[in-house]
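User: I have a model to go through with you. Can you take my questions as they come?

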Amino acid sequence: LPARADSMDCNGLNYWLTLPGGRSGGATDFLIDPYRAQIVARTRLHDGWGFWLRQLHLRLLYGQFWGRWIVGLFGIALAFATLSGLCIYLKFNANAWIPKLRLGRGSRVFWADLHKAVGMGALAFNLLFGATGAVLGLETLYDRYVSARPTTITKPAREAGPSVLPAEDPLAFCIAKTRSLLPGTEPVGINFSYGRRPAYTVSVSYPAAALIQEATAGVTFDARTGEVLRVRDLAQAPFATRAFYAMEPLHFGRLGGFLWVK
């Protein structure tokens, strides 16, 4: 689907297509101009310094399991350092929460006051990054002790209503049906799955205020008949489940897809 102008994927009217690598491994992203039928750009997802840097950030290049745990523990350490610093802050600021810049008292006093001001200003950011990073890194513990995230969160079947897939434009039908089943959301992509029962899955993005990770909810259709197989609506999920899907938008600044937030 064409990306929104203010989204993370600022591709204008280009279409974004991802093809799996098959036996060779590694998927490839394509930007396609639908009006000229030309490939504008292509990139392999697991190539380049950007991918290396992402793996360093996510798991310290130390594997999917232990690397994520180590990063999660660093997140806990950052959150603890932030909270413990807040607890002792009053003692160093004359029992006042608001820092003051004392001018004319020498450079040592000025820089000490500036240090406190910057520290208080960064408090929310550090606590947010630490807490969300800890949850994302230790998601196996979150699933086990806080909330086991269900693979499907379905609405009653009767809400889906009958579906007859038109032969002329089946994808437009699926997109329109998704909008009716998940009102207030915006379709952001379509996944084609093949097997005994070929299916289309239309993934959606929620409004920014919902704080739900994009492309994690949507509707799955039978590719032959148009029957609604599954409706995954995270807005209806329990609080603990919704809280997990709020972690990534908060941690990465992807609030509703607004690039200026990042």
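User: Which residue in β5 stands opposite Ile190?
Analyst: Val202 does. This is a predicted model, where local features need pLDDT of at least 70, side-chain atom pairs count only at pLDDT 80 or more, and totals for chains, interfaces and linings use all residues. Residues are numbered from 1 along each chain as its sequence is written, and side-chain values use heavy atoms, with hydrogens and water left out.

User: How many bridges between β4 and β5?
Analyst: Seven, in the antiparallel sense, with β5 covering residues 199-205. Strands are DSSP runs of E, at least two residues, and helices are H or I, at least four, numbered from the N terminus. Two strands pair if DSSP finds at least two bridges between them.

User: What is the strand order in the open sheet?
Analyst: The order is β4-β5-β6-β7, with antiparallel pairing. β4 (186-193) and β7 (228-232) are the edge strands, each pairing on one side only.

User: Which helix packs on that sheet?
Analyst: α7 (residues 170-181), which touches β4, β5, β6 (217-222) and β7. Contact means heavy atoms within 4.5 Å.

User: Switching topic. At what angle do α1 and α2 pack?
Analyst: About 65 degrees, with the axes of α1 (residues 48-59) and α2 (residues 66-92) 7 Å apart. That makes α1 roughly perpendicular to α2, a label for angles of 65 to 115 degrees. Axes are lines fitted to C-alpha atoms, for helices over the stretch in contact, and angles run from 0 to 180 degrees between N-to-C directions.

User: Which residues meet there?
Analyst: His57, Leu58 and Arg59 in α1 meet Gly67, Arg68 and Val71 in α2.

Definitions and conventions:
Parallel < 35°, antiparallel > 145°, perpendicular 65-115°, else oblique.
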